[in-house]
Amino acid sequence: TTAAASRLFPTSHQHAILGNQWNQGAPRQERRGLREETMREKPMLWPAGIRMACAALVGVLLIALTACASGDGVKRSFSQQFAGDPAVLSVDLSSADNMPFTGGGVGTVTLRDGLSDAAIRDFAERVGEFATQHAGDGAGSRVRIDLVMSDWAFPVLAAPQANDALLTLLSELRADQRVDAATLSSKQYQADVTHVTLVAATPAEIPALIIDAPAALAPAGMSPPMTLKSPADEPAPIEVSGHMGPWADAAFRAYDALRAEIPLTSFRAEADAVTVTLAHEVDLDRARALTQAALGSTSAEVFFQSDLVTLFPGARGDQARSLLAQVGPDALAGVVSVWTNDQSATLTLDSTAYLAELARAISDLQSSIALDQVTLAVGQGDEQTFSLQATPGDLEASTRTALALANQDHVTRLRLEPGNSFDVGLDSPADLASYAAPLKSLSAFDERLCFDWTTSTFCVETAPTIDPDSIRGSGAQAGRSFVEAWNAAG
């Protein structure tokens with residue numbers, strides 16, 4: 001490379017040698033040879049103005065090509081071509097991976113109601129051609145468009161044969177009186193349909209659709225998981241999800257048997273799990289017997305929720321229901337809901353009136369309660385005014401302390417989860433120091449403890465001794481009196 005460069009561009013030293021040879025009386029023929037060699041090796045350069053103009057032109061062309069090939073460019077091109085189409089009601093697009101030659105457009109095109117199947121097909125095919133023209137090098141299409149019209153939604157596939165098969169399927173579904181709506185999904189938008197959701201006209205149509213819906217997809221070489229569901233206004237809605245098979249028939253039989261005997265809020269089934277939500281917790285035993293008889297030997301695990309008991313996914317609720325059965329109706333008088341993950345349970349009451357009695361009943365039964373933690377709460381969500389978590393054995397004493405604190409002047413909210421967080425709402429910071437001793441007695445330390453009132457807030461990390469300089473928030477100065485009282489408390 002160095003040698004080539006020295007031939008193209010002689011150094012000043014080489015120029016000096018050539019000049020000396022010329023001027024020091026070299027023979028005429030040799031001087032002519034040196035001159036010709038120098039002229040041959042010296043590069044021919046265009047004028048600087050032309051070189052700059054060419055470079056600028058190349059730069060403009062590259063920028064234009066890059067812009068067209070980027071995600072924003074594809075998005076802009078799609079909007080220009082389709083946003084004003086008579087079939088289109090609206091276009092909602094975003095750029096995906098806005099890099100040259102890999103970026104694309106992702107979004108939803110809402111079509112006008114009342115379009116014929118032929119008009120839908122024509123538009124979808126034109127979008128498919130656009131996607132093919134902007135195909136990327138990766139596994140997925142650079143143009144990922146879903147078409148939506150009233151209760152129907154489906155992807156446009158870049159592979160023409162797959163897109164044609166999907167449009168034929170869509171036409172058949174729209175003509176099927178058993179189907180009210182459908183949503184078809186794709187991951188790569190090439191030749192794949194990854195999920196199908198069908199809304200049946202009535203629950204009675206679902207057994208036939210369990211067989212017919214997969215059969216309708218088979219000619220196109222598609223066998224995605226699907227969800228078959230009843231209309232949203234069905235009093236006892238059903239939803240069956242997965243690859244349809246005998247398990248789905250058994251699940252529907254269980255649903256049919258249950259709704260004939262028991263009020264249901266919902267019924268959801270997969271191949272390995274069925275979740276039944278009862279309108280009334282008192283129907284639990286009857287529901288279990290009916291479901292077991294209908295499901296027979298299928299391996300699906302059944303989970304029962306109700307108007308009273310809500311389960312964390314995968315929880316069965318046996319421990320929480322055992323607690324409810326042992327405590328008895330008198331202590332449960334104020335309980336409006338129970339949530340459980342099988343390790344802990346939250347019992348929500350409608351007021352603080354029954355908290356002490358319920359806490360005492362649970363602590364008295366601590367040896368037979370198979371839960372690590374129990375939380376007693378009043379109110380839900382943003383309206384929750386009281387919450388206390390404790391072990392069953394500590395619940396009575398902790399509730400007594402927490403209630404005394406909650407009943408103090410200026411306390412509007414008390415949420416205590418020892419070892420995690422303490423949250424106290426006030427209408428005035430006037431008595432901050434008086435809250436320190438009871439809160440410290442309930443603390444497992446390492447909680448994030450926060451106070452807030454109308455104009456300010458402050459937070460600290462709890463410890464046996466808290467550094468006053470660690471207080472954070474606009475109410476830090478007021479918080480110093482609390483920290484001093486905390487550190488002084490035993």
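Contact here means heavy atoms within 4.5 Å. The model is predicted, so local features need pLDDT of at least 70 and side-chain atom pairs count only at pLDDT 80 or more, whereas totals for chains, interfaces and linings use all residues. Residues are numbered from 1 along each chain as its sequence is written, and side-chain values use heavy atoms, with hydrogens and water left out.

Q: Which residues does F123 touch, not counting residues up to four places away in sequence?
A: By the contact criterion, F123 touches F82, D85, A87, V88, V109, L111 and L147.

Q: What makes a set of residues a nonpolar core, and which residues touch the most other members in the largest one?
A: A nonpolar core is a set of buried Ala, Val, Leu, Ile, Met, Phe, Trp, Tyr and Cys residues joined through side-chain atoms within 4.5 Å. Buried means under 20% relative accessible area, exposed over 50%, and partly exposed in between (1.4 Å probe, protein chains only). The largest core has 72 residues, of which F123, L147, F154, F267 and V276 touch the most other members. Helix α9 gives the most to this core, with eight residues. Another core, of 54 residues, lies apart from it and includes V335, V378, L388 and Y435.

Q: Why is Y189 called buried?
A: Its relative accessible area is 10%, and the limit for buried is under 20%; Y189 therefore counts as buried. Phi of Y189 is near 60°, a positive value in a residue other than glycine. Y189 is placed in the loop between β5 (179-185) and β6 (195-200). Helices (H or I, at least four residues) and strands (E, at least two) are DSSP runs, numbered from the N terminus.

Q: Why does D446 count as exposed?
A: The relative accessibility of D446 is 62%, and exposed requires over 50%, so D446 counts as exposed. Phi of D446 is near 75°, again a positive value in a residue other than glycine. The loop between α14 (436-442) and β19 (448-452) holds D446.

Q: Why is the aromatic pair of F78 and F82 called tilted?
A: Rings of Phe, Tyr and Trp (its six-membered ring) pair if their centres lie within 6.5 Å; planes under 30 degrees apart count as stacked, over 60 as edge-to-face and the rest as tilted. A search of the whole structure finds 14 aromatic pairs. F78 and F82 lie 4.6 Å centre to centre with 40° between the planes, and the pair is tilted. Both residues are buried and lie in helix α5 (residues 71-82), four residues apart, about one turn of the helix.

Q: Which residues do ring pairs link into a cluster?
A: The cluster consists of Y435, F445, F451, W453, F458, F482 and W486.

Q: How many helices and strands does the chain have, and what share of its residues counts as buried?
A: The chain has 15 helices and 20 strands. Of its 490 residues, 42% count as buried. Among contacts between residues at least 6 apart in sequence, 55% join residues at least 24 apart.
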